[in-house]
Structures are given as C-alpha cells and as structure tokens.
Amino acid sequence: MSDKRLTGAVALVTDAGSGIGAGAAHCLAREGAAVALVARSSDRLDQIADDIRNLGGQAITVTADITDPECAYQAVQDTLDRLGRLDVLVNNAGVVLLDTALHAPLEEWDRLVALNVTALLHVTHAAVPYLIDAAATSPRRVADLVNVSLTAGQLPRQGSSVYNLTRSGLEGFTESLRQELLVERVRVSLVEPAVVEAGLVNHFGTATRNAMRRHVGGREALRPEDVADAIGYIVTRDRRVAVNEMRVRAAE
C-alpha cells in the first residue's frame, strides 16, 4: 500500500508556472497526486511538468487565460479529459498592485479584479461539481478547495483600497463556500502567506515590488515551498479534519 496520501487523486493548480503555484504542484505530486498545471503562459509550465515526471510523478500542462470564463471552464474540462477526475483545486492566481485612487490607472484596478476575483470565480464555478463527485466516489471520501491570498489583504492601508477589496472579498467568499460545501465533504480553506522572497515579489507591480524588497530587507523571508507545504498539509489531513484558514509568516 502506498504511503503517499494523495495517490489516485487529481489536483489542478492555477498560476503554476512559478512561485507558490509551482511549489504547490511539486508538493502535491510528491504526495501521489496527478497534477494539472494551469497558467496563462506556457513559458515555464513544460519545465515544471518535466521536473515532476522526472521524479516519478504525473503532470500535464494547460495554457489558459482563466479571466475568460470559457477558457477557465475548458481548463477544468481538459483536466477531467486527460486525468479523469478532480479532487483538489488550488486557486493561486493573483496579483498585487498598490496605488492611491488619485494615481492608480483604471486598467490596474480592472486587472486586480480580473485576476484576484473573476478568474478564481470562473475556475471555482467550473470545478465545484467535480469536487463534489470526487468526495463521493474517491477512497479518500473528501475533496479540497484551497484559495491563496496574502495576510496584507487583511490590513487596509492607504494605496491598497482595491487590492483590499479583492482580498477581503475572498475571505468572505471562502467562508461562505466552506459552509455550503460542508455537507458535500468538500473542504474549503484559505491560506494567507506574509513576507515572501524576491522570486515571489516579482509577481507584484513595479511600485509594490520595490516597496516589498525594502520591507524584506536582509531578513530571511518565506520561500515558495514554505507556503506549498501549508497547502500540502491542509489537503492531506484525514477526512475528519478541516483546516479552514492558515496564516504563514516569516519567523523574523
């Protein structure tokens, strides 16, 4: 009998081309899950998929702009067609763009809402029926939906109004969805990392990236695999256990 806790399960990870998404894909694959790597660009997906396969795992790549509802639904369908089921969804796609209402371009606000809210809703809506089916039919008798945010999203400050709108909304959405899916044995969780290393900071807008680098300074920041470990911990608990929210901060 395999000691890998996700053997036979299928996971879909959004924004899996780098950072937390890539780390989560590797973590879930090590636990035995077949992983669908989803991102808007295929630049790094093939390499990550090859790395997983070289370590004995199973991975496929799906290039999709999930801000488009049809593309999001197709990404889920491609996962089902090629891997047969869906047991774990990790909603990791998102962006941090900070500026005041006076100076922020409207395009940045639109991008925040598109990536942090709309894309997540599209994938979630497409995936929920299949997660419910997986919980009912799999040996694990449970399925998981994990939304990834940031602790900064719960700390409203000047220049972060729309970003906070997207992240505070995600917290409420996650909790409501958790209550709805309890009876279906689909666990819904929120992971909120804090300070991150430079590689993750590169996903932020220019002004935010520079400010974050100053903030991190010489301290030892979180690495992508630290947050991935938190995701892995959540989805590998026995079905009697649900971790609803986890905040992951740098020790310093």
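Q: On a 1 Å grid over the protein atoms alone, a pocket is an open set of points with protein on both sides within 12 Å along at least five of seven lines. What volume does the second largest pocket have?

A: The second largest pocket has about 500 Å³, a volume being the space filled by probe spheres set on grid points that are joined across faces, edges and corners. Please keep in mind that this is a predicted model, where local features need pLDDT of at least 70, side-chain atom pairs count only at pLDDT 80 or more, and totals for chains, interfaces and linings use all residues. Residues are numbered from 1 along each chain as its sequence is written, and side-chain values use heavy atoms, with hydrogens and water left out.

Q: Which residues lie nearest the centre of the second largest pocket?

A: Lining residues are those with an atom within 4 Å of a point. There are 22 of them in this pocket, and D15, A39, R40, S41 and L115 lie nearest its centre. Helix 4 gives the largest share, three residues, and strand 2 (34-39) also supplies at least two. By class the lining holds nine nonpolar, seven polar and six charged residues. Helices (H or I, at least four residues) and strands (E, at least two) are DSSP runs, numbered from the N terminus.

Q: How many cavities of 30 Å³ or more does a search of the whole structure find?

A: Rolling a probe the size of a water molecule over the atoms shows where empty space is left. A cavity is a set of points where a 1.4 Å probe fits but cannot get out, and the search finds two of 30 Å³ or more. About 50 Å³ of space lies in the second largest cavity. Its lining includes L97, W109, L112 and Y163, and helix 4 (106-137) and helix 5 (161-181) each supply at least two lining residues. Seven of the lining residues are nonpolar, three polar and two charged; Ala, Val, Leu, Ile, Met, Phe, Trp, Tyr, Cys and Pro count as nonpolar, Asp, Glu, Lys and Arg as charged, and the others, Gly among them, as polar.

Q: What pairs with strand 4 over four bridges?

A: Two strands pair if DSSP finds at least two bridges between them. Strand 5 (residues 143-148) pairs with strand 4 in the parallel sense over four bridges, with L89 opposite L145. On strand 1 (residues 10-14), which runs parallel to strand 4 and is joined to it by three bridges, L12 stands opposite L89.

Q: Why does T79 count as buried?

A: T79 counts as buried because its relative accessibility is 0%. T79 sits in helix 3 (residues 69-83). Beyond residues up to four places away in sequence, T79 touches V10, L12, A36, I60, G84, R85 and L86, contact meaning heavy atoms within 4.5 Å.

Q: Where is I66 found?

A: I66 is in the loop between strand 3 (58-63) and helix 3, and it counts as buried because its relative accessibility is 9%. Leaving aside neighbours within four places in sequence, the contacts of I66 include T14, V38, A119 and H122. I66 and A39 are 27 residues apart in sequence, with their C-alpha atoms 8.1 Å apart in space.

How values were computed:
Buried < 20%, exposed > 50% of the residue type's maximum accessible area, 1.4 Å probe, protein only.
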